[in-house]
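Dear colleague,

I am passing on the structure we spoke about, with the sequence alongside. Please look it over before reading my notes below.

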Amino acid sequence: FRRVLFRSPGDYTIMWGNMAGWNRPSPYTETKAVTAGETTTFTGTYVQQAGSITVNPEPNTIDAPWTLTGPSSYSHSGTGDETIPGLTPGSYTITWEAVTGWDLPDPATEVLILADGGTVTFTGTYTEQTASTGTVRVQPQNATDAPWHIDGPSSYSYDGTGYEELTEMEVGSYTVTWGEVSGYTTPSQSNGTLTEGGNLLLQ
């Protein structure tokens, strides 16, 4: 606020100037008549320029969840890509949240500063988890061509005959059920646990 003493009555025009980070009043020029002995007030309201934040988790196909927090207890949660306009300047924190089968971005939280009227992009890259594997060998005893059925992790199911070596198998527990062979007693099930990089023999 500033008070100006005009020496003579008449029409006076004010022009509001630019200020970094603020939108000047609209209209930015105004004309008023000044009458002798009276007070005339020019009022201009500056509005702080808002910024925007883009949240970009990768890859887009997993629609990853996240939470954004900022000044004055601001908090917003979303999934996948989103651009949020109308944000006040300040420090913002993104927290990437878990997606089954994927490793969180590194780091899992990130802080960026949004400037007056600026834009900021948070990008987080998720990495797909790869299952640990090993080799399972199935070997019938005596009846070398005996049929069998094997069950394993992630609903794995397979039928085979005789000796067979199964590679790139997911770690976990496996069960072999032996089929009947004429003239032989059918053995009970064979069970075992495959470890990462291991070699499991079921016989």
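Is Val47 buried, partly exposed or exposed, and what is its relative accessible area? The model is a predicted one, and in it Val47 is partly exposed, with a relative accessible area of 48%. This residue belongs to strand β4, which covers residues 47-48. Leaving aside residues up to four places away in sequence, Val47 touches Trp22 and Asn23; the latter, Asn23, is 24 residues from Val47 in sequence, yet the C-alpha atoms of the two are 5.2 Å apart in space.

Next, the sheet. Three strands form an open sheet in the order β8-β5-β12, and their pairing is mixed. Strands β8 (82-87) and β12 (119-125) stand at the edges with a single partner strand each, so one side of each has no neighbour in the sheet. On average, and with direction ignored, neighbouring strands of this sheet are turned by 15° against each other. Strand β5 (residues 51-58) runs parallel to β12 and is joined to it by 7 bridges, and Ile53 has Val120 as its bridge partner in β12.

Finally, Thr67, which lies in strand β6 (residues 65-70), has a relative accessible area of 16% and therefore counts as buried, the cut-off being under 20%. Its side chain makes a polar contact of 3.1 Å with the side chain of Ser77. When residues up to four places away in sequence are not counted, Thr67 touches Ser75, His76, Ser77, Thr93, Ile94, Thr95 and Glu97.

How values were computed: Residues numbered from 1 in each chain as written. Predicted model: local features only at pLDDT ≥ 70, side-chain atom pairs only at ≥ 80, totals over all residues. Heavy atoms only, no water. Helix = DSSP H or I, 4+ residues; strand = E, 2+ residues; numbered from the N terminus. Buried < 20%, exposed > 50% of the residue type's maximum accessible area, 1.4 Å probe, protein only. Contact = heavy atoms within 4.5 Å. Pairing = 2+ DSSP bridges. Axes fitted to C-alpha atoms, helices over the stretch in contact; angles between N-to-C directions. Polar contact = N/O pair within 3.5 Å; in protein donor to acceptor, adjacent residues only side chain to side chain.
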